[in-house]
Amino acid sequence: MLDEMVRHAGEWLRGSGPMNEIVISSRVRLARNVAGYPFLSRTSENQRSELMEMLRPHVVSAAGGAAGAFLDMNAISDLDQQVLVERHLVSRNLAEGKGSRGVAISKTENVSVMVNEEDHLRIQVLRSGLQLDEIWRDINALDDKLESKIEYAFHPRYGYLTACPTNVGTGIRVSVMLHLPGLKLTGEIERVFRAARDMRLAVRGLFGEGTEAAGDFFQVSNQVTLGRTEEDTINDFRLSVIPKIIEYEQKARRTLVSERTISLDDRVWRSLGTLRHARTISSEEVMLHLSHLRLGVHLGRLKDVTIQTINDLFLMSQPAHLQKVQGARLTGEQRSIARAELIRRRLTPGMN
Amino acid sequence: MNMNCQVCKKQQATVHLTDIVQGEKQERHLCESCAQEEGVLPKAPAHVQLGELITGLVMNKTAIQQLADLSCPHCKLTFVEFRNQGQLGCPHDYDAFEKALVPLIERAHEGASHHIGKVPNRLNAPRAADDDLVRLRRELTRAVDSEQYEEAARIRDRIRRLEES
Ligand SMILES: [Zn+2]
């Protein structure tokens, strides 16, 4: 399944969803635990494998039945685990964990259900662009379906019980991935983040090692999970937070086009030049330049590259994807060379 | 607040503690790694946010010392272990550590201490009284949000009566 998977982007990276010029994707995750078992920090390996066997048929059915797949994290290679992380199908925490743990993934890669992550179950639904309503409808139905088979740990006062009290209550984590090059270039991004943090939202860099904003991609997520309904949390994002950020970003982009045309085009075309000609390049640098290309395409400055190609390159230029496609383990240096070659090939007219 | 850590004097202080020692307020400012060395911050917490919250709890040190002896009768986790690893041991911990967890939970969730979201279907039917509570708590949040404090006080009284019944 993985060999096939790495050759193209999942639905969420197709760049086709609503508001996709700014919103890369939307994700909702629910944390759930099974009643009658300790949380994972206190389970024995026996209990972990018991949990996995018990949950497995239910999560597979939730992820679309036979069309989906269940991956036992102990049965796949480190490289394959990293591929799943790069595709946002499992968390780094699940990949790096120990003991029985696994994930059910739907064919479209929109649904993934992790077993024995920090909680017994982490249900995730992901879609391209801003589609939180649709996601909530899907994940709520999925949760209902699982709950008819599994008794969840639930407390009349605290709601769904989780291993960490920061997730207790609804156990919901809404995350929206945003591309904000305009705000970054006009220097207004910090102001937006301060406002987001005042609203108790977490903002972090999207790709790369949990970094503070590598490149122009950011993930905004809620932190409060108690005392608000799931719908309240979703609606905050859908109706106020994200539209506001989109509005600011659009304004910044208009300013760039009207007042800083030369510097904007210079950035876009230099980035294309670098990507078309580099012989060795790091993931961070790729991310920065792809961000400029993406901006250039959406502002109509750059016509001979498609968003689809850019999204594909985001995914394929990451370390595990590169090695998986090459079919070999590569050193950092070899990866930088292979990455430059892959990008050159995809971005040079007539070569693809 | 931009200042260097009082211990290593090199890194920026990001952990700010206020201890009350014999009625005297003492402030201490540490960087993350020194705070970890001193055991005020769990090492490599699973959640950055939880680390911050636990730091907040250190403010009330005497209370924490009393709570340190708490342990869960089911999974045997002690509160100190929870503080160090940042993970609870089992669903019963929410009751076993209630005293210590409530302030932490409230701090994490903007003062909220009651769930008002989705409820598993199996619990839905026979809980009419609780449904009223859920509805009232939601109304209370709305009233507070819209600064209708008289209305909020009225709803709070109704919640108390229901909770006591
Ligand atoms: Zn316990």
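Analyst: A salt bridge is a side-chain nitrogen of Lys or Arg within 4 Å of a carboxyl oxygen of Asp or Glu. The structure above is a predicted model, in which local features need pLDDT of at least 70 and side-chain atom pairs count only at pLDDT 80 or more, while totals for chains, interfaces and linings use all residues. Residues are numbered from 1 along each chain as its sequence is written, chains are lettered from A and ligands numbered from 1 in the order in which they are written, and side-chain values use heavy atoms, with hydrogens and water left out.

User: What makes the pair A:Arg191 and A:Glu188 a salt bridge?

Analyst: The N to O distance between the side chains of A:Arg191 and A:Glu188 is 3.6 Å, and the limit is 4 Å, so the pair counts as a salt bridge. With a relative accessible area of 48%, A:Arg191 is partly exposed, because this class lies between buried (under 20%) and exposed (over 50%), judged with a 1.4 Å probe and protein chains only. A:Glu188, at 24%, is partly exposed as well.

User: Is A:Lys324 buried or exposed, and how do you know?

Analyst: The relative accessibility of A:Lys324 is 17%, and this residue therefore counts as buried. Its salt-bridge partner is A:Asp80, with the closest N and O atoms 2.7 Å apart, and A:Asp80 is also buried, at 12%. The two residues link distant parts of the chain, 244 residues apart, since A:Lys324 lies in helix α12 (residues 319-326) and A:Asp80 in helix α3 (residues 78-86) of chain A; helices here are DSSP runs of H or I with at least four residues, strands are runs of E with at least two, and both are numbered from the N terminus.

User: Which salt bridge does B:Glu98 form, and between which chains does the pair cross?

Analyst: The side chain of B:Glu98 meets that of A:Arg157, at 3.0 Å from N to O. The pair crosses from helix α6 (residues 98-108) of chain B to the loop between β6 (154-155) and β7 (159-160) of chain A. B:Glu98 has a relative accessible area of 29%, which means that it is partly exposed.

User: Why is the arrangement around the zinc ion called tetrahedral?

Analyst: The zinc ion is coordinated by B:Cys72 (SG), B:Cys75 (SG), B:Cys90 (SG) and B:Asp93 (OD), at 1.9 to 2.3 Å. These atoms count as donors because N, O and S atoms qualify within 2.8 Å of the metal (3.2 Å for Na, K and Ca), although sites may look incomplete, as water is not among the atoms. The four donor atoms subtend angles of 97 to 117°, and four donors count as tetrahedral if all angles lie between 85 and 135 degrees, so the name applies. Along the chain, the donors follow the spacing C-x2-C-x14-C-x2-D.

User: How do you know whether B:Cys72 and B:Asp93 are buried or exposed?

Analyst: B:Cys72 has a relative accessible area of 1% and is therefore buried, and B:Asp93, at 0%, counts as buried too.

User: What makes a group of residues a nonpolar core, and which residues touch the most other members of the largest one?

Analyst: A nonpolar core is a set of buried Ala, Val, Leu, Ile, Met, Phe, Trp, Tyr and Cys residues joined through side-chain atoms within 4.5 Å. The largest core has 53 residues, of which A:Leu178, A:Leu180 and A:Ile242 touch the most other members. Its largest share, seven residues, comes from helix α8 (residues 230-259) of chain A. A second, separate core of 36 residues includes A:Leu302 and A:Leu330.

How values were computed
Four donors count as tetrahedral if all angles lie between 85 and 135 degrees; four count as square planar and six as octahedral if opposite donors are over 155 degrees apart and all others between 65 and 115; anything else is irregular.
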